[in-house]
Amino acid sequence: MCGCMHSTQGQALPLEGDPNPSAAPTSTSAPRKMPKSISISKQLASIKALKKGSELEKAIATTALIFRNSSDPDGKLEKATAKNLLQTQFRNFLEGQETKPKYKDLLSELDEHIENKLDFEDFMVLLLSITVTSDLLQSIWNVKIRK
């Protein structure tokens, strides 16, 4: 768990606070190379149990990997990182939510969270809470599923 990158399917995106290689302090020892981030799709492909996994299993595994790739070594997300993930990875579910009282309550609860960090369970509850109040969910429910 590096905690310095989060990935989207097929690509990695740097988070705020990533070290800038050109601004890194110089030393007399050999420069340390940052390991390349492995894409979520490659991480998923490396999980043998998911080779024949369902779409739902892969969706949850993707969420877990994105969380893990963004979390600190203790497996927790800083509040700012959680908000960044919501804005970059969950933006379509957030669209139109800004004025809704329930969404404001969710963000207020996040800001008032006793710890400054979220564990995976807290993060999943937050994602599900936003999902059930989103306009996008209504669009999903309206998708034609039978011919």
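Colleague: Why is Phe-67 called buried?

Modeller: Phe-67 has a relative accessible area of 4%, and buried means under 20%, exposed over 50% and partly exposed in between, with a 1.4 Å probe and protein chains only, so Phe-67 counts as buried. This is a predicted model, in which local features need pLDDT of at least 70 and side-chain atom pairs count only at pLDDT 80 or more, while totals for chains, interfaces and linings use all residues. Residues are numbered from 1 along each chain as its sequence is written, and side-chain values use heavy atoms, with hydrogens and water left out.

Colleague: What makes Phe-67 and Phe-123 an aromatic pair, and why is the pair called tilted?

Modeller: Rings of Phe, Tyr and Trp (its six-membered ring) pair if their centres lie within 6.5 Å, and planes under 30 degrees apart count as stacked, over 60 as edge-to-face and the rest as tilted. Phe-67 and Phe-123 are 5.5 Å apart centre to centre, with 45° between the planes, and they form a tilted pair. Because Phe-67 lies in helix H2 and Phe-123 in helix H6, the pair ties together parts that are 56 residues apart in sequence; helices here are DSSP runs (H or I, at least four residues), as are strands (E, at least two), numbered from the N terminus. Phe-123, at 4% relative accessibility, also counts as buried.

Colleague: What makes Asp-74 exposed?

Modeller: The relative accessible area of Asp-74 is 64%, so Asp-74 is exposed. Asp-74 sits in the loop between H2 and strand S3 (77-78).

Colleague: How do you know which residues touch the most other members of the largest nonpolar core?

Modeller: A nonpolar core is a set of buried Ala, Val, Leu, Ile, Met, Phe, Trp, Tyr and Cys residues joined through side-chain atoms within 4.5 Å. Among the 23 residues in the largest one, Leu-86, Leu-126 and Ile-130 touch the most other members, and H6 gives the most to this core, with five residues.

Colleague: Which residues does Ile-130 touch, not counting those up to four places away in sequence?

Modeller: With contact meaning heavy atoms within 4.5 Å, Ile-130 touches Leu-86, Phe-90, Phe-93, Leu-94, Gln-97, Tyr-103 and Leu-106.
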